[in-house]
Amino acid sequence: MNLSPTANPWLAAVDPSPIGETKRWVLGRTFPPDRPLVDLSQAVPGYPPAIELRRHLGERLLDPTAHGYTPILGLPVLREAYAGHLSSFYGAPVTPGEVGITSGCNQAFCLALMSLAKAGDQVILPRPHYFNHDMWMRMQGVEPVSLDFRPGSGAVPSAEDAERLIGPKTRAIVLISPNNPTGAVYPAETIHAFFALAQRRGIALILDETYKDFLPEGARPHSLFADPAWRGTLVHLYSFSKVFALTGYRVGGVTAGAPLIAEIEKAMDCVSICPPRLGQEAALYGLEHLLPWARRNTEGLKARADLLGNGLQRSNRWRLVSIGAYFAYVEHPFAGQRSTNVSKRLADEENLLTIPGDMFGAGQERFIRLAFANVADDKIPIVLERLERFGA
């Protein structure tokens with residue numbers, strides 16, 4: 001007689017997180033001083049939160065009122081500040097009642113999907129996909145329908161191709177720009193074409209702009225919020241984690257029409273009651289005081305991306321597919337070898353930790369993702385040297 005609980009088959013069928021898998025490749029290893037590990041696997045800022053923020057949080061911790069629950073969708077003052085930030089950034093009004101604060105952008109996506117789709121529904125997901133999006137859909141019994149980018153497109157998907165994938169069970173299309181894993185920055189006309197498609201076909205457009213703050217200064221990625229009808233189609237996701245270096249604080253945001261926000265609030269109450277209070281305090285301080293600090297970091301990261309991108313473009317072996325924000329997506333030079341094998345060998349032979357394209361969906365065997373944000377500028381020449389030497 002089997003006395004063990006039976007796992008949910010939808011959950012059991014999902015592979016573990018690629019981040020945990022790749023970290024295990026180097027677990028327990030030691031690295032010589034002249035060949036240290038260079039970790040290009042996980043997207044994390046390469047710098048700590050601003051010292052002013054850390055001092056501010058230390059002071060907030062002394063306040064007895066700063067340790068309890070907040071409202072389900074976040075502190076009212078933070079919702080107001082975040083709505084104001086969106087209104088300023090996009091040049092169109094967004095109200096506090098149309099935003100909710102979440103425990104990171106991953107939770108924002110999970111809640112948004114729960115509010116839109118049920119088991120048996122379909123959601124269009126560009127491939128290569130952000131693995132957590134694919135994992136969560138499958139855990140919920142929602143079918144991801146893959147949308148591949150065309151060769152030579154710079155990893156930018158086509159709304160025309162997406163329309164052919166829409167069927168009676170389609171509930172939404174997901175976009176990430178700047179993209180994870182490819183780094184591709186989608187042109188405004190592409191984002192608007194997907195919005196128009198979703199609007200025309202009566203489905204949602206879930207737009208994840210976690211990395212919007214790493215666009216060039218003054219660049220407005222789209223004008224969707226200027227359309228009064230956005231509330232019937234757009235669900236916007238965001239993270240404070242990258243811009244203010246708050247990855248461990250778990251604080252993000254979701255923006256949608258008020259009726260959908262009300263449904264998201266129900267799920268949020270069951271999942272975590274409210275976002276972590278300290279993360280909300282950090283996000284609020286960041287919005288009020290640290291945007292210039294964040295812009296300086298963005299400029300430094302752009303210089304790092306240029307250094308890496310220029311080096312890859314000079315390579316006779318590795319082909320740069322796309323680069324932007326935190327990521328470069330490259331084609332490896334080993335025909336017939338799966339990217340997982342190539343990434344494992346890079347870790348074993350060159351002490352270079354990357355994520356293989358295999359982990360971002362089928363058909364990605366030729367590609368590797370490099371998350372360059374968490375390494376210092378002086379490590380980029382080392383990365384390029386190791387890539388060129390590897391397998392040559």
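Okay, let's start inside: alanine 155 is buried, with a relative accessible area of 4%, where buried means under 20% relative accessible area, exposed over 50%, and partly exposed in between, using a 1.4 Å probe and protein chains only. It sits in the loop between β4 (143-148) and α7 (159-163). Helices here are DSSP runs of H or I with at least four residues, strands are E runs of at least two, and both are numbered from the N terminus.

Before I go on, some housekeeping. This is a predicted model, so to speak with care: local features need pLDDT of at least 70, side-chain atom pairs count only at pLDDT 80 or more, and totals for chains, interfaces and linings use all residues. Residues are numbered from 1 along each chain as its sequence is written, and side-chain values use heavy atoms, with hydrogens and water left out.

Alanine 155 has a positive phi of about 70 degrees, and it isn't a glycine. Alanine 325 also has a positive phi, near 55 degrees. That one is in the loop between β9 (319-324) and β10 (327-331), and it is buried too, at 10% relative accessible area. Why flag these? Because most residues other than glycine have a negative phi, and most peptide bonds are trans.

Aspartate 39 lies in strand β1 (residues 38-39), and at 19% relative accessibility it counts as buried.

Zooming out: the protein chain has 13 helices and 13 strands. Its radius of gyration is 21 Å, close to the 21 Å that the globule rule gives for 392 residues, so it's as compact as a globular protein of that length. The radius is taken over C-alpha atoms, and the rule is 2.2 Å times the number of residues to the power 0.38. Of the 392 residues, 55% count as buried. And among contacts between residues at least 6 apart in sequence, 74% join residues at least 24 apart.

Methods:
Contact = heavy atoms within 4.5 Å.
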